[in-house]
Amino acid sequence: MEMLHHLDDPEWPEAPAGYNAAEAAASFSRLVVQVDSCFSTRCEIDRDVQDSAQYGRIEVPGEVTICGTRIVVLVSKFKPLAMVAADNPGAFLGTDEARAEGELDANDLEKVEQALSRSGYVTIPEEILTNRYDGSTLLRFHGSGEPTWWDRFFGSF
C-alpha cells in the first residue's frame, strides 16, 4: 500500500512525471521476450491501452499452462507496478484463489513472477488492488461502486 500511495500523484493521473514512452516500450518488450521464453510460445500482447494508466497486457495462452487456464500479466505506466491474474483480472480474487481452485499452477506463476522481477517490475497482488481507492488523485471513474487501486493504476479513465 505504501508503494501505491507513493506513486499516486494527482498532477499525473495517466502516467508519472517524467514518463518516457520509449523506455516503457523497451522495458515491456524485454518482459514479453522473457515470458515468451519461459513458456516457449509467442504470447498475445496489447500495448495500445487508451486512456489508461495501464501500459500493456500479456496473455499466456492456456494451451501452454499446466492447468490449461490462460495467465494475464498487466503492466502499469507507473513502473514498477504489475499484476498477474488467472484467466482475466477479476475472474478470481487473486492468484491464491486461482491456485486453490486448480486454475493456476504454482510453477507457472513462479515463471511469470521471475520474468517480471528480472525485468524490473514488482507484482502487486490483486487482493491489494481491489481495496477501495483512498488516494489523492481525482479519478474520472466510470465503473459502479467505489473506485479501487486497480482502477487507479490499471483501469481506464
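Helices (H or I, at least four residues) and strands (E, at least two) are DSSP runs, numbered from the N terminus. The expected span of a helix is 1.5 Å times one less than its number of residues. The model on screen is predicted: local features need pLDDT of at least 70, side-chain atom pairs count only at pLDDT 80 or more, and totals for chains, interfaces and linings use all residues. Residues are numbered from 1 along each chain as its sequence is written, and side-chain values use heavy atoms, with hydrogens and water left out.

**Stop 1: helix H4**

Select residues 106-118. At 1.5 Å a residue, these 13 residues of H4 should span 18 Å, and the end C-alpha atoms are 18 Å apart, which agrees. Now colour Asp108, Leu109, Val112, Ala115 and Leu116, the buried residues of H4 (buried means under 20% relative accessible area, 1.4 Å probe, protein chains only). Seen down the axis, they fall within an arc of 125°, so they line one face of the helix (the arc is that of the directions from the helix axis to the C-beta atoms).

Show the surroundings: these buried residues pack against helix H2 (21-39), strand S3 (71-76), strand S4 (81-86), helix H3 (95-100) and strand S5 (122-123) (contact means heavy atoms within 4.5 Å). At the start of H4, a side-chain oxygen of Asp105 reaches to within 2.8 Å of the backbone nitrogen of Asn107. After H4 comes Gly120, with a positive phi near 90°.

**Stop 2: the largest nonpolar core**

Select Leu31, Val35, Ile58, Val75 and Leu116, the residues with the most contacts inside the largest nonpolar core, which has 24 residues. Such a core is a set of buried Ala, Val, Leu, Ile, Met, Phe, Trp, Tyr and Cys residues joined through side-chain atoms within 4.5 Å. H2, strand S2 (54-60), S3, S4 and H4 each give two or more residues to this core. Its largest share, 6 residues, comes from H2.

**Stop 3: the aromatic cluster**

Select Phe78, Tyr133, Trp149 and Phe153, which form one aromatic cluster. Rings of Phe, Tyr and Trp (its six-membered ring) pair if their centres lie within 6.5 Å; planes under 30 degrees apart count as stacked, over 60 as edge-to-face and the rest as tilted. By this rule the count comes to 4 aromatic pairs. Phe78 and Phe153 have ring centres 5.1 Å apart and planes at 70°, so this pair is edge-to-face. Phe78 lies in the loop between S3 and S4 and Phe153 in helix H6 (residues 149-153), so the pair ties together parts that are 75 residues apart in sequence. Trp149 and Phe153 are stacked, at 6.0 Å centre to centre and 15° between the planes.

Definitions and conventions
Buried < 20%, exposed > 50% of the residue type's maximum accessible area, 1.4 Å probe, protein only. Polar contact = N/O pair within 3.5 Å; in protein donor to acceptor, adjacent residues only side chain to side chain.
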